[in-house]
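This report looks at a few residues of one protein model. Please view the sequence and the structure first.

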Amino acid sequence: VIEKRPSMLQDFIGARRRAVSPLFAQPLARLALAAGLVAAVPPAYGQAMQAAVGVYRPSNSRFFLDGNFDHAAEFKMSFGAPGLDVGLLGDFTGSGTRYPILYRNGQWFVDSNKDASVDQLIGFGGATTDVPLIADMNGDGREDPVLYRDGLWYVSAAHDGSVSAVYGFGGVPGDVPL
């Protein structure tokens, strides 16, 4: 008889992540839950940042992420210039984990190693009305830099600053791109 307790699912997920590819960890955990071997608890993601709540504080250029939803930041990092940057999280490599990305006046500073140093610099945008966003716009599993400007959406799927697509949607004064 296996004892049901809330931490067993997290123990099971952790053990399976060490034993098998992260791609299979969630399905195995769901199977264990469906079989009644463990009780349901919120999954913990922590440093992987696959799912997290977080904030970026522009006043001191700090990222704070709560990956296991316990109201405490497991990941804290200073990155960027206070008051100048827009902080984002993204996965430009398609690895399944998100990392800090900054946008400042048409420059995208990517820190894919999460070590507060720039690993990739992309020149894309620069208009004063640009709103930087990140989304997988072409379905290839890699998120892309996206700019919203006055009802037009510019995408750089090659991640090199070239515009690969332009979409028209929105543009009514006060619209907030999502």
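This is a predicted model: local features need pLDDT of at least 70, side-chain atom pairs count only at pLDDT 80 or more; totals for chains, interfaces and linings use all residues.

**Strand E1**

Val53 belongs to strand E1, which covers residues 53-57. Its relative accessible area is 44%, so Val53 counts as partly exposed. Leaving aside neighbours within four places in sequence, Val53 is in contact with Phe64, Leu65, Asp66 and Phe69. Gly67 is 14 residues from Val53 in sequence, and their C-alpha atoms are 6.6 Å apart.

**Strand E2**

Strand E2 spans residues 62-66 and includes Arg62. With neighbours within four places in sequence left aside, the contacts of Arg62 are Val55, Tyr56, Arg57, Lys76, Met77 and Ser78. Gly87 is 25 residues from Arg62 along the chain, with 8.6 Å between the two C-alpha atoms.

**A surface patch**

Leu152, Val163 and Val166 make a nonpolar surface patch of about 230 Å². Of these residues, Val163 is placed in the loop between strand E10 (152-155) and strand E11 (165-168). Val163 is partly exposed, with 47% relative accessibility.

| Residue | Relative accessible area | Class |
|---|---|---|
| Val53 | 44% | partly exposed |
| Val163 | 47% | partly exposed |

Note on methods. Residues are numbered from 1 along each chain as its sequence is written. Side-chain values use heavy atoms; hydrogens and water are left out. Helices (H or I, at least four residues) and strands (E, at least two) are DSSP runs, numbered from the N terminus. Buried means under 20% relative accessible area, exposed over 50%, partly exposed in between (1.4 Å probe, protein chains only). Contact means heavy atoms within 4.5 Å. Patches are made of residues with over 30% relative accessible area and no salt bridge: like charges are joined within 9 Å, nonpolar side chains (Val, Leu, Ile, Met, Phe, Trp, Tyr) within 5 Å. Accessible areas come from the Shrake-Rupley method with a 1.4 Å probe; for residues, only the protein chains shown count as cover. A salt bridge is a side-chain nitrogen of Lys or Arg within 4 Å of a carboxyl oxygen of Asp or Glu.
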